[in-house]
Every structure is written in structure tokens, then in C-alpha cells.
Amino acid sequence: AQGVANLLEMLVNRGQFRGQSFLQSSTLNRMEKPQTTLGDQAGIHSGYGVTIDAFGFENRNTVFYGHTGGVPGFASEVIYQPELGLGYAFIINQDN
């Protein structure tokens, strides 16, 4: 769990983690830029980037980034918003 928290902190801080640079901001921008949807082609910032998803909420003008995953019995999600300096992660076992 600590490793996921560290990753989240680095993403929120645009590639910086506790005084060290791990990713350039331009690299994160490329990872976050949607490249897969017709909405993105129309200028709506939503869809799949390179390993990171971008999604927003109607009338909020705020884009959230992250990645979700799951297989039977397991679910995970890491979501962050750099301008707000916020993020969350969860990793759970599940039956349904």
C-alpha cells in the first residue's frame, strides 16, 4: 500500500517525489492526454491516454486522471487531480 501511496504522491506533484524528479512534466502530460475517443478529437478532455485515463464531471471544468483495474475477486483505483493537489487509491478484494 505504501508504494501505491508514493506513486500517487509523485503523480499529484507532477513527477516530483520528496525532492527528487522521477518524471518530466512533459512525460506526464503525454501520459494524461486522451488519444482514443471521438470526444477528445472534438476537444473534450476525456478518454484513454498512454497508461493514464482522463475524465471529468459535467459543468465542473475539472479533469481527473488515474487508472482503474480489476479481475474477478479484486478491484483497484488510483485517481488524482494535480491542480487541487488531491488523490486517492484503493485496492480491495471483492466477491461481487
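User: Before anything else: buried means under 20% relative accessible area, exposed over 50% and partly exposed in between, with a 1.4 Å probe and protein chains only. On that basis, what share of the protein chain counts as buried?

Analyst: 27% of its 96 residues. Mind that this is a predicted model, where local features need pLDDT of at least 70, side-chain atom pairs count only at pLDDT 80 or more, and totals for chains, interfaces and linings use all residues. Residues are numbered from 1 along each chain as its sequence is written, and side-chain values use heavy atoms, with hydrogens and water left out.

User: OK, how many helices and strands are there?

Analyst: Three helices and seven strands, in the order α-β-β-α-α-β-β-β-β-β along the sequence. Those are DSSP runs numbered from the N terminus: H or I of at least four residues for helices, E of at least two for strands.

User: Which residues of helix 1 are buried?

Analyst: Helix 1 spans residues 2–12, and its buried ones are Leu8, Met10, Leu11 and Val12.

User: And what do they pack against?

Analyst: Strand 1 (16–17), helix 2 (25–32), strand 6 (74–81) and strand 7 (86–93).

User: What's going on just after helix 1?

Analyst: Arginine 14 has a positive phi there, about 55°.

User: Switching topic: how do strand 6 and strand 7 pair?

Analyst: Antiparallel, over eight bridges; pairing takes at least two bridges found by DSSP. Glutamine 81 sits opposite leucine 86 of strand 7.

User: Which residue in that hairpin takes a positive phi?

Analyst: Glycine 85, near 70°, in a hairpin with four residues between the strands.

Definitions and conventions
Contact means heavy atoms within 4.5 Å.
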